[in-house]
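Biologist: Could you take me through one part of this protein slowly, as if I were new to reading structures? I would like a close look at the nonpolar core and the places around it.

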Amino acid sequence: MNTLDKIKIGSTARVDKIIGDSPTKRRIMDMGITKNTEVFVRKVAPLGDPIQISLRGYELTIRKEDARNIRVEEI
């Protein structure tokens with residue numbers, strides 16, 4: 001199982017699990033990232049942080065630190 005920060009640009013993945021403490025999980029889920037959500041990695045900043053993803057019909061930019069808490073499986 002990979003985490004979202006390790007997925008290559010242009011790849012799609014499905015969220016398997018959100019890990020971390022309760023406030024972190026809640027913040028990530030409030031952004032719309034929940035189990036079984038498909039996520040497309042659009043861009044990664046030159047230094048690797050932040051990561052731009054597409055999900056549920058909108059664009060979202062998340063920190064690499066948050067992406068490490070999202071376990072995914074590539075599709």
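This is a predicted model: local features need pLDDT of at least 70, side-chain atom pairs count only at pLDDT 80 or more; totals for chains, interfaces and linings use all residues.

Let us start with Val72. Setting aside neighbours within four places in sequence, Val72 is in contact with Met1, Asn2, Thr3, Leu4, Ile7, Ala13, Arg14, Val15 and Asp16. Val72 is also among the residues with the most contacts inside the largest nonpolar core, along with Leu4, Val15, Ile33, Ile53, Ile62 and Ile70. That core has 17 residues.

The protein chain has 2 helices and 6 strands, and from the N terminus the order reads β-β-α-β-β-β-α-β. For 75 residues, a compact globule would have a radius of gyration near 11 Å, and the chain agrees because its own value is 11 Å. Its C-alpha atoms fill a box of roughly 30 × 25 × 25 Å along the principal axes. Buried residues make up 39% of the chain.

Next, look at the loop between α2 (64-67) and β6, where you will find Asn69. Is Asn69 buried or exposed? Its relative accessible area is 18%, and buried means under 20%, so Asn69 counts as buried. Leaving out residues up to four places away in sequence, Asn69 touches Lys17, Ile18, Ile19, Gly20, Thr24 and Ile28.

Asn36 sits in the loop between α1 (22-30) and β3, and Arg56 lies in the loop between β4 and β5. Exposed means over 50% relative accessible area, so Asn36 at 52% is exposed, and Arg56 is exposed too, at 54%. Each also has a positive phi without being a glycine: near 70° for Asn36 and about 50° for Arg56.

The accessible surface comes to about 4600 Å², with 48% of it belonging to carbon and sulfur atoms. The chain carries 15 positive and 11 negative side chains, and the centres of these two sets lie 1 Å apart.

Definitions and conventions
Residues are numbered from 1 along each chain as its sequence is written. Side-chain values use heavy atoms; hydrogens and water are left out. Helices (H or I, at least four residues) and strands (E, at least two) are DSSP runs, numbered from the N terminus. The radius of gyration is taken over C-alpha atoms; the globule rule is 2.2 Å times the number of residues to the power 0.38. Buried means under 20% relative accessible area, exposed over 50%, partly exposed in between (1.4 Å probe, protein chains only). Accessible areas come from the Shrake-Rupley method with a 1.4 Å probe; for residues, only the protein chains shown count as cover. Lys and Arg count as positive and Asp and Glu as negative; His and the chain ends are not counted. The place of a charge is taken as NZ of Lys, CZ of Arg, CG of Asp or CD of Glu. A nonpolar core is a set of buried Ala, Val, Leu, Ile, Met, Phe, Trp, Tyr and Cys residues joined through side-chain atoms within 4.5 Å. Contact means heavy atoms within 4.5 Å.
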